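Colleague: I would like to learn how to read the features of a model like this one. Where shall we begin?

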Amino acid sequence: MNVEQTVQLLENELPSKRETKVEKSVLVVGGGITGIQVSLDLANAGFKVYLVEKAPSIGGRMAQLHRIYPTLDNSINLLMPKMVEVAEHPNINLLTNTEILEVNGVAGNYKVAVIKKPRYVDENKCSGCGACIDVCPIYVSDRFNEGLRQTRAISFYSPYSVPKVTTINSEQCLRLSGKENCDKCLKACEANAINFEQKQKTFNFNVGAIIICVGADVFDASKMPELGYGRFKNVISNIEFERVLDDYGPTGGKILCPQSGKTPKTIVFISCVGCRDKRFYQHCCNVGCMVNLKQAITVREKLGDDAEIYICFNDMRAFGKGYEEFYEKARSLGVNFLAGIPAEVRSSPDGTLYVGVYEKTLNRLLELHADLVVLTNGVIPREEFAKLSELFHVPRSTDGFLQEAHSKLQPFESPVAGIFLAGTCQGPKGISESVAQASGAAAKAMVLLSKRERAILNH
Amino acid sequence: MSLTDLTLMAKPNGELYKKVLGKLAKTELLECFQCSKCTGGCTAFKLLELIPHEIIKLVKLGFIENLIESGIIWTCVSCLQCTERCPQRASPYHVITSLRNIAVERQAKVPEAYLKAVSQILETGLMQPIEKVTTKKMETVDREKLNLPKIKYPSEEFKAIFLKALEGI
């Protein structure tokens with residue numbers, strides 16, 4: 001047998017090669033700031049984008065925030081133009097109120113099935129006037145405002161909804177829950193957009209790549225009974241406090257104690273709630289310290305020099321560009337930093353909170369009488385990650401977040417070819433890092449999408 | 001004030017804090033982030049347990065009353081190493097000096113050595129008394145023996161100015 005014959009033989013022994021056509025489209029899962037950035041980058045490069053968002057509006061966590069650190073820009077002022085751009089972009093197919101049902105196929109050609117839940121309002125007809133909201137007799141807790149305010153059973157998801165279409169809460173609505181034959185919104189709507197008969201729809205499409213950017217959750221502090229969250233009204237979470245600070249939030253931007261309704265004189269921030277805690281999550285939430293500083297500076301601006309602000313911290317981690325200067329700014333504004341995490345928060349019947357903290361640098365036990373305690377709840381993995389991991393065959397790392405292919409060299413890719421990760425679903429991070437990873441993941445996806453064909457091995 | 005020190009049962013004093021601020025040239029001198037570098041190199045800490053970073057923290061929180069009454073602020077030897085080395089351009093030395101000023105104003109107990117130094121200046125114009133020196137041959141000598149020039153004692157004019165300055169504090 002000569003060399004040529006041997007090569008021929010080996011080639012026949014090797015698994016047969018097959019090639020698949022690469023679809024010039026991409027599925028983006030999640031419509032937060034990361035998903036928005038990924039979609040805009042890919043759509044501007046000429047690829048067709050299917051942006052799937054579970055909530056009735058895009059915007060995600062960033063839409064809930066009051067301001068962003070370290071520039072102190074208004075969060076929604078930065079986000080809104082991008083949200084509108086997504087909604088109006090010819091290359092982006094925005095699917096809100098939609099969840100992923102099934103994913104099959106290989107990199108370059110994934111077959112995706114999504115299910116669009118009914119919102120009982122026709123997205124094409126609704127003009128966004130909001131006439132239906134005022135007539136609705138049913139009050140429900142406002143999820144966007146963390147339950148601090150009530151909204152109606154038919155309402156916009158948030159004041160900044162994109163698309164600007166109302167949604168009916170089918171569990172609370174009198175008609176949809178079968179309690180009463182109410183038709184108040186139906187009569188109020190001039191555009192004839194309300195449709196109680198709307199059914200869920202399934203869509204199928206093929207995409208070349210998938211980018212997962214579903215974001216992360218925030219720790220529920222009621223699991224830590226020593227801090228009194230849920231027991232004492234004046235102990236609130238940092239996301240609730242963001243809504244309180246927002247001018248369009250439940251208090252119109254005024255800082256008030258939930259129990260007495262008065263302006264607080266002493267505010268205490270407690271860091272590292274739920275994170276850096278082996279009972280719950282061991283990782284550092286990456287943003288808590290800076291969120292504390294930002295909120296403390298905002299309190300100083302809103303309440304003036306008379307307010308006493310204390311930050312109880314474990315380590316102060318100000319690691320990014322402009323962050324150390326931001327920390328310095330907080331110190332120069334008279335924010336008091338206490339090195340030590342309070343062991344417990346106690347309350348008197350009138351709502352005054354007693355916070356005992358052992359100051360590490362002074363070696364003394366200090367007691368604070370606070371009017372308001374803000375808990376800096378950490379960024380934690382979502383419960384849905386288990387389902388997502390199964391759906392996309394993407395593994396999870398030990399901290400519960402989705403696992404990237406390589407922590408140093410392939411931070412944008414999942415171990416599955418053609419599936420990319422961006423934003424806080426890969427690990428806790430701030431807005432700037434999320435946006436950076438979004439553009440990185442979009443670029444990596446473009447490498448795959450720009451090929452005409454992709455070889456796949458058929459074993 | 002909503003803060004209490006449960007270890008010493010002390011309450012912060014906002015007025016005293018404002019007084020300290022008034023004596024400092026800039027608030028930057030108080031902007032400490034508790035790296036404890038000052039204490040690490042403090043001359044007085046090694047002998048007398050002065051903790052500069054703790055003093056700054058106590059002043060910032062308003063626990064000034066006890067500081068002024070304690071003798072610890074008088075142990076600073078004014079070597080200025082803390083001011084030189086501070087990564088945040090804070091200065092425990094300046095803070096301690098302003099605390100001493102307040103202590104004198106409130107007629108708190110001032111260590112004898114400081115009072116001695118004042119009378120020494122009045123008498124001789126020098127911080128320290130002129131001492132005799134023991135040589136290697138175990139001979140005790142004074143300036144006269146070493147043929148050093150005589151020290152001029154301060155004029156009456158200087159004394160008047162110095163006493164006036166002391167009254168002003």
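Modeller: Start with a position: A:Pro70 is in the loop between strand S4 (67-68) and strand S5 (73-74) of chain A. Helices (H or I, at least four residues) and strands (E, at least two) are DSSP runs, numbered from the N terminus. This is a predicted model, in which local features need pLDDT of at least 70 and side-chain atom pairs count only at pLDDT 80 or more, while totals for chains, interfaces and linings use all residues. Residues are numbered from 1 along each chain as its sequence is written, chains are lettered from A and ligands numbered from 1 in the order in which they are written, and side-chain values use heavy atoms, with hydrogens and water left out.

Colleague: What is omega for the peptide bond from A:Tyr69 to A:Pro70?

Modeller: Omega is near -10 degrees there, and the bond is cis. A cis peptide bond also joins A:Val162 and A:Pro163, with omega about 0 degrees. A:Pro163 belongs to the loop between strand S11 (154-155) and strand S12 (167-168) of chain A.

Colleague: What is the phi of A:His393?

Modeller: Its phi is positive, about 60 degrees, although A:His393 is not a glycine. This residue is in the loop between helix H10 (385-392) and strand S25 (419-421) of chain A.

Colleague: How many salt bridges are there over all chains?

Modeller: A salt bridge is a side-chain nitrogen of Lys or Arg within 4 Å of a carboxyl oxygen of Asp or Glu. The whole structure has 27 of them over all chains. One of the pairs is A:Arg61 with A:Glu146, whose closest N and O atoms are 4.0 Å apart. A:Arg61 lies in helix H3 (residues 60-64) of chain A and A:Glu146 in the loop between strand S9 (139-141) and strand S10 (150-152), so the pair ties together parts that are 85 residues apart in sequence.

Colleague: How many residues does the contact take from chain A and from chain B?

Modeller: Contact means heavy atoms within 4.5 Å. By that rule, each of chain A and chain B gives 20 residues. Buried area is the accessible area (1.4 Å probe) that two parts lose on being put together, summed over both. Between chain A and chain B the area is about 1,900 Å², and carbon and sulfur atoms give 49% of it. A:Arg331, A:Leu362 and A:Arg364 supply 33% of the area that chain A buries against chain B, more than any other three residues.

Colleague: How many salt bridges are counted between chain A and chain B?

Modeller: There are 2. In a salt bridge, the side chain of B:Asp5 meets that of A:Arg364 at 3.0 Å, N to O. The largest share of the side of chain A that touches chain B, 6 residues, comes from S22(A).

Colleague: In which sense do S22(A) and strand S1 of chain B pair?

Modeller: Two strands pair if DSSP finds at least two bridges between them. S22(A) and strand S1 (residues 3-5) of chain B pair in the antiparallel sense over 3 bridges. Within S1(B), B:Thr4 is the bridge partner of A:Glu367.

Colleague: What is the mean pLDDT of chain B?

Modeller: pLDDT is the predictor's confidence in each residue, from 0 to 100. Chain B has a mean of 89, with 98% of its residues at 70 or more. For the complex, the predictor gives an ipTM of 0.77 and a pTM of 0.88.
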